[in-house]
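Here is a short tour of one protein model. Have a look at the sequence and the fold, then read on.

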Amino acid sequence: MKNIGPFVDEKLDFTQLDEVFLLCGDTGAGKTTIFDAMTFAIYGEFLGARKGKAKDFRSQFAKEDDDSSVELEFSSDGEKYRVVRTLPRPYVNRNKKASVEASKLTVEKWNGSLSSYEFLNAGKAELDAMLVEIVGLSAPEFSKIVVLPQGEFSEFLRSNSNVKQDILKKLFPVDFYQSIVEKVKEKNDDLKKKIDLADVEVKGLLKNVDFTDAEEKLASLDKDLEDNKKDLKALRISKEDFEKETTRLDAELKLAVELEDAVLERDTLEKKIPEIEGIERKLKLADDADAVVPFIENKKQRQEDELKAKAYLEEVIGLAEAAKEKYDDLKGKENDILKLSKANEENRIALKDYNDKLDAAEKHAVEMKRNAVAKEKAQKAKELLSKEMDSLESFERALSAHAESVGIPCKDMKSAEIYRRIVDSFNEARELSHTAAQLYNYAVEAEECASNIDSTQKELVDLEKEKENCSRQIENNNSLLAEYKERKEDEAAKNTAFTLVSRLKPGCPCPLCGATEHPSPAVAPKELLDLDEKIATAERSVKTETELLARLSEEIASKKTILEKFREDLSVCNEKCKGITLEKARLDADSAKEKMYALQNVSEACSRFVENIDESNARIEELKDLVSRSDAELASIAATINAYEEQMKKIGGKVTSVDEIRKNIENLESLMDEQQEKVDDFKKAFEDAGLKLEKYNAMRGESQNSLGAAEEKHKEAQSILSEKLGESKFADEDEALSCFVEKSEKKLMKESVKEFRDRQSKLETGISVLSKKVSEKSSVLQKKAEKLEAEIEALDVRIDEVSAKIESIFADKTGFEKDYSKYREKSAELSRLESEGKAISQLWKDLSGGNPSKVQFETWFLGLYFDDVVVCANRHLLKISSERYEFKMDTDKTGGNSYHGLDLVVHDYQVNKDRDTATLSGGETFMASISLALGLTEVVQKTSRLDSLFIDEGFGSLDKESLEMAVGVLQDIGNTRTVGVISHVEEMLDAIACHVYVKKTKKGSHILL
């Protein structure tokens, strides 16, 4: 505990204490705080009057920045755990405001294979839930089963059934039975709601509709419906007849209108006949013009061709004369171009000399660069060689120094020989270390065997004691069982009528009264039923203790076998140790290991030095070879440079730079390109001029021939046209052209004439046919049709009226049938629900405590567990009170408004009367409450994973004899679990040998064993 309550930094190891120990010390020193700290570590809260005050438990001795924490190591279900939980810590945040740092939690689980704790990785809420699962108890259960606070069990002793029920529900598994009661309640509430709803619906239906003579009313509605359907059918037949006549009149009226329209159109067409005849005459003249107009157009075309030929000939003559002039001009410049071409050939020879000189200059420049690079490379190689030789010397000195540090001489020795000696020394030290470690392991095993023998012998003594206690408990339980059975026989003798009930058979005479009918057989008296329950409880206890005795016998036999095995192992280990003590073996092993590790470190370091020396020697040889090759390369490059300089002098008389030669070549090439371009341009222009002159001369001859042919064709076309005009009706070309009509226009004229004649013929035929089908004028037929439409509209109105009446009757009938059907359905449902609800309501009343005994179902079930608690508690109470007091269930209490079933009284054998717990004195109350608490603890811890009990209860109210009895009970409990007690009573200090003293000082409390 660090900074918890009065403790600054204190530790308490329960494994160093006896099975029963006393926690004593100054008032206010913090004895109860130790138990509170255990509860806080597991559940993160303090219980009882201190609940919700965790932050107030921070020690007044704590420094401002110190944490307040509890570290708890415990075992549960065979596993070890370590929990560390801090208290909330007040601090001032960055905004200068007071704040509280939340509690922190870590949980670790022991890993046996690694011999260390491992963290359980989870969030705080998950770890809290995990701890409840590990312990097997909630915080309230823990405070009543493992840590028993001051005064709380005296309250439990005196509490009524309701309070006991609330407490026991948290300790025993009643969830299933509670769920049964809740389901019955839900079913009862649901049925009540359904019955109320069904009753409201039935009354609502009766309020809106009268269902008297419902069948007769439905028959009357059916008859009205059928009569109206017949009327509707007759009206629809009449409407169909009128509609057929209307259809016939509409068809004749349509034909009459068509006839009148056709006569009107025929009269209109007759007025257009003169116009159509004029178009027909114009078409005849156009056909005659079609025979002459093509020859007129041919003559015009030939005339145009002759004019075009003349114009083209004149154009060609002009082009030929211009080409001749251009050709003659270029011919005069031919000698100048020949001179320019010869000068260009001389420049080409000079260009070759320049290129040869450029090649030599470029190679000379390359060799000069190679020479500079080679010099730099040779210099670097020489520098690296010098550095590598220095490194080699450094590695050899380091190797010698490491060897001498472990006592290996190395004067005048090579590095390989030095390293070999170091490796040999390391191997020898490793063998010695291995031998020393084996001896140490044997010594450790011998020590462990001796320790195991001591602990196993202690466990055997404890098991023998527990076996003896168990045997005594079986004897006590058998005695109690025999007493209950004897009392049952006495009760059975007093109630002979009930004992004969099982033998009664219908029709057979009763052994007592002789009657053959048994309407009211005797029921079991309450005293007899109570004894049956006590016998069953005692038998269960005997069975449990007998099973425990068998397990203890098996465990004792197993421990003896294990003890013999430990003794054999100890003998073997002592023989292998050869008389060496554990401390001597440890010192020898540590010394050998230290020497081995020293040689191992030197060996590993020297291994690296040897590798570095070998690598350095190899690099030195490589660098020497590189320096030799670099010198040879420099000599070769110098000879090549001299050769190129001689070559340049022969070509140009002196050594010239590459850039200067390239500039001369560039200027010469530019001049040559310019001269060659002029020569090439002249040649092309002269060639093009000759070709054009030749082309235009040929075109002039062709044009003259084309003009003669065009003149001949024009004369021939004029002659043919004159002949065709003579054969036609036209006097000249103009008259023929005036009568000519284009093909598209002529086509439209012919189509309009044909359309007129076709329409005229079609109208005459249609008028003839329609005249035979129409009997009257359209106006007369129209009046007849309008009259029929009016009569049909009147029928529609009547049909709608009858249809609406049918729909109304059908809606009334359907609505009545629906309401009547719903009324019968809801009435039947209401009867069914009332029948079902009566049984469920009675069941709910009985389960919820409405029975004559006023015992709730879950109370009755908890009473079964409570019986076990009372049996266990009575063992302790009888012992503490020297067989004077015993708990009894108060099953006679039935009055008042509260529920019953878990009430207790204390039977006082001295006066042979039952006493209410409220009448007990202080000492009697303590004996009863501590016995009840221990009984409850025993029953619950049968399913719990913890085997500890801590009691913070005053023993000062007990007299000396009762105190001795109470301590005896605690000693009995200590045989199966650890028991810690807080007390100030002097007699307790003498009665309990193991003490934990909490001393109060000005600097905080301290724990002393």
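## Overall picture

Of the 1009 residues in the protein, 35% are buried (under 20% relative accessible area with a 1.4 Å probe, protein chains only). Please keep in mind that this is a predicted model, in which local features need pLDDT of at least 70 and side-chain atom pairs count only at pLDDT 80 or more, while totals for chains, interfaces and linings use all residues. Residues are numbered from 1 along each chain as its sequence is written, and side-chain values use heavy atoms, leaving out hydrogens and water.

The protein holds 22 helices and 17 strands, taken as DSSP runs (H or I, at least four residues, for helices; E, at least two, for strands). Among contacts (heavy atoms within 4.5 Å) with a separation of 6 or more, 77% join residues 24 or more positions apart.

## Cores

A nonpolar core here is a set of buried Ala, Val, Leu, Ile, Met, Phe, Trp, Tyr and Cys residues joined through side-chain atoms within 4.5 Å.

| Core | Residues in it | Including |
|---|---|---|
| Largest nonpolar core | 84 residues | I34, F35, F74 and F887 |
| Another core, apart from it | 19 residues | L399, C606, F609 and V610 |

The residues named for the largest core are among those with the most contacts inside it. Helix α20 (residues 922–941) gives the most to this core, with 10 residues.

## A helix pair

Helices α7 (residues 214–270) and α18 (residues 778–847) have axes that come within 8 Å and cross at roughly 160 degrees. The pair therefore counts as roughly antiparallel (angles over 145 degrees).

Key:
Buried < 20%, exposed > 50% of the residue type's maximum accessible area, 1.4 Å probe, protein only. Axes fitted to C-alpha atoms, helices over the stretch in contact; angles between N-to-C directions. Parallel < 35°, antiparallel > 145°, perpendicular 65-115°, else oblique.
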